[in-house]
Amino acid sequence: MLKFLLACVMLMPLVNSWWAVQSSLFVLSFIMIIYCHHDFGNYMMGWCFNLDSLGYILILLSFWITSLVVCSSQKVLKDNNYPSLFLVVNIFLLFFLVMTFSVNDYLLFYISFESSLIPTLILILGWGYQPERLQAGVYMLFYTLFASLPLLVSLISLYNMSGSLTLGLVESVKGVGFIPCVWYVVTVFAFIVKLPMFLVHLWLPKAHVEAPVAGSMILAGVLLKLGGYGLIRVLPLFSEVNKSLSWLWVSISLVGGVVVSLMCLRQVDMKALIAYSSVAHMGLVLSGLVVFGWWGLNGAVVVMIGHGLCSSGLFCLANMVYERVGSRSLLISKGLINFMPSMALWWFLLSAGNMAAPPTLNLLGEISLIISVVSWSKVTMLSIALLSFFSAAYTLYMFSLSQHGKYYSSLFSCCSGKVREYLILMLHWLPLNVLILKSSTIMCIL
């Protein structure tokens with residue numbers, strides 16, 4: 001994995017040429033896909049780096065989404081809105097993400113995990129749309145830092161107890177008393193906020209709405225996966241406490257997922273609707289992770305990958321509409337099928353992915369998660385049924401309201417779509433539906 005870290009560094013001299021960076025990112029992504037055909041074990045690479053299948057597939061997702069982000073942010077280049085600085089920020093963000101998914105030391109993981117916040121904040125503050133982006137940036141910063149500082153104290157305590165912070169060498173915390181419970185909560189809380197769980201999710205819709213398309217795509221595509229990845233790495237250290245407290249997270253996630261789904265049905269802002277739908281999907285992922293069964297873990301990883309591709313594609317679509325119509329409101333952006341008919345196909349395909357319709361990767365992951373959570377407790381069936389129903393309901397609501405009806409009278413002409421835009425959407429949709437053919441490989445990832 002050091003070669004990919006070096007590749008990120010070597011992209012820096014190319015930042016004056018937008019096309020060179022864009023092409024290099026796509027080439028690196030395809031090289032990683034070719035490597036995917038080799039049989040992967042858990043390879044130690046010296047110092048503090050290792051690579052297992054989970055880290056590998058998330059690094060591949062990071063490269064893929066960053067390539068699509070640069071490709072979809074042509075407006076920055078067209079308006080000459082500091083394009084070189086924009087590329088530098090994205091490459092730094094990619095570097096920190098690769099570091100996060102490839103280190104095998106908890107302290108280095110914490111540093112790179114938190115470092116990814118800085119480029120994201122710069123993206124929102126520097127290239128966001130409205131003056132409210134300052135408030136959105138502060139929300140994101142304080143929510144994340146409030147939860148992450150106790151995690152640092154927890155890691156220092158683990159080092160004092162074990163004498164090491166290397167993955168696999170840290171001792172598990174024994175017992176289910178008051179101190180182990182508090183220790184467990186402060187450790188996992190940073191990842192739960194990043195996921196985000198209902199009740200600590202308010203930073204996400206604000207950040208998405210005010211972020212540029214690059215910020216939204218990176219947030220939805222990769223940064224939300226940092227929380228799930230961190231939980232997979234940390235939960236084995238607290239197996240006894242997690243077993244006794246998993247009911248708390250499952251209850252909040254499933255009930256909160258239903259509440260957020262109802263909130264989606266009253267949204268009129270496209271980006272806010274897609275952002276709230278991410279909270280509902282990640283609630284099911286959190287439930288599968290804390291139950292910590294084979295079906296739950298594998299289902300959570302598959303949904304994280306599927307959601308990263310699907311949600312990123314939907315944000316890209318919402319930005320294409322915003323660039324043409326000048327508004328994200330579903331009340332103004334009605335009847336898009338009348339003047340963007342070929343784009344309506346991509347709205348339909350990505351909406352189908354968002355509601356976990358076959359043959360998308362989301363369907364495979366959600367079936368695995370439902371099996372895991374229902375086998376843990378049959379009481380959860382009611383919440384899961386409502387969650388699945390409303391997931392389809394708000395996606396259909398978004399699709400029908402945006403595509404059908406009479407379009408806004410001030411819209412006189414509009415091009416249906418450029419080849420570049422169709423390419424971006426196809427590169428979101430194709431892996432989402434083709435990867436299910438390799439489902440046996442993905443489900444054996446852990």
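**View 1. Contact between helices H6 and H11.** In H6, the residues Tyr-106, Phe-109 and Phe-113 meet Leu-226, Gly-227, Tyr-229, Gly-230, Arg-233 and Val-234, which belong to H11. The model shown here, as in each of the following views, is a predicted one. The axes of H6 and helix H11, the latter spanning residues 213–234, come within 12 Å and cross at roughly 170 degrees, and H6 and H11 are therefore roughly antiparallel to each other.

**View 2. Contact between helices H6 and H7.** Helix H6 covers residues 106–115 and helix H7 covers residues 117–127, and their axes come within 5 Å while crossing at roughly 0 degrees. That angle makes H6 roughly parallel to H7. On the H6 side the contact is made by Phe-113, Glu-114 and Ser-115, and on the H7 side by Leu-117, Ile-118 and Pro-119. The residues of the contact of H6 with H7 divide into four nonpolar, one polar and one charged.

**View 3. A stacked aromatic pair, Trp-18 and Phe-86.** The structure holds 19 aromatic pairs, and one of them is formed by Trp-18 and Phe-86, which are stacked with 5.8 Å from centre to centre and 10 degrees between the planes. Trp-18 lies in helix H2 (residues 18–35) and Phe-86 in helix H5 (residues 83–102), so this pair ties together parts that are 68 residues apart in sequence. Trp-18 and Phe-86 are both buried.

**View 4. An edge-to-face aromatic pair, Phe-113 and Phe-191.** The rings of Phe-113 and Phe-191 form an edge-to-face aromatic pair, with 5.3 Å from centre to centre and 70 degrees between the planes. With Phe-113 in helix H6 and Phe-191 in helix H9 (residues 178–194), the pair links distant parts of the chain, 78 residues apart. Phe-113 has 1% relative accessibility and therefore counts as buried, and Phe-191, at 1% relative accessibility, likewise counts as buried. Phe-113 and Phe-191 also belong to one aromatic cluster that includes Phe-101, Phe-109 and Tyr-229.

**View 5. Lysine charges over aromatic rings.** The ring of Phe-113 has the charged end of Lys-194 sitting over it, 5.2 Å from the ring centre. In another such arrangement, the charged end of Lys-206 sits over the ring of Tyr-139, at 5.0 Å from the centre of that ring.

Terms used
Residues are numbered from 1 along each chain as its sequence is written. This is a predicted model: local features need pLDDT of at least 70, side-chain atom pairs count only at pLDDT 80 or more; totals for chains, interfaces and linings use all residues. Side-chain values use heavy atoms; hydrogens and water are left out. Axes are lines fitted to C-alpha atoms, for helices over the stretch in contact, and angles run from 0 to 180 degrees between N-to-C directions. Helices (H or I, at least four residues) and strands (E, at least two) are DSSP runs, numbered from the N terminus. Angles under 35 degrees count as roughly parallel, over 145 as roughly antiparallel, 65 to 115 as roughly perpendicular and the rest as oblique. Contact means heavy atoms within 4.5 Å. Ala, Val, Leu, Ile, Met, Phe, Trp, Tyr, Cys and Pro count as nonpolar, Asp, Glu, Lys and Arg as charged, and the others, Gly among them, as polar. Rings of Phe, Tyr and Trp (its six-membered ring) pair if their centres lie within 6.5 Å; planes under 30 degrees apart count as stacked, over 60 as edge-to-face and the rest as tilted. Buried means under 20% relative accessible area, exposed over 50%, partly exposed in between (1.4 Å probe, protein chains only). A charge sits over a ring if NZ of Lys or CZ of Arg is within 6 Å of the ring centre and within 35 degrees of the ring normal.
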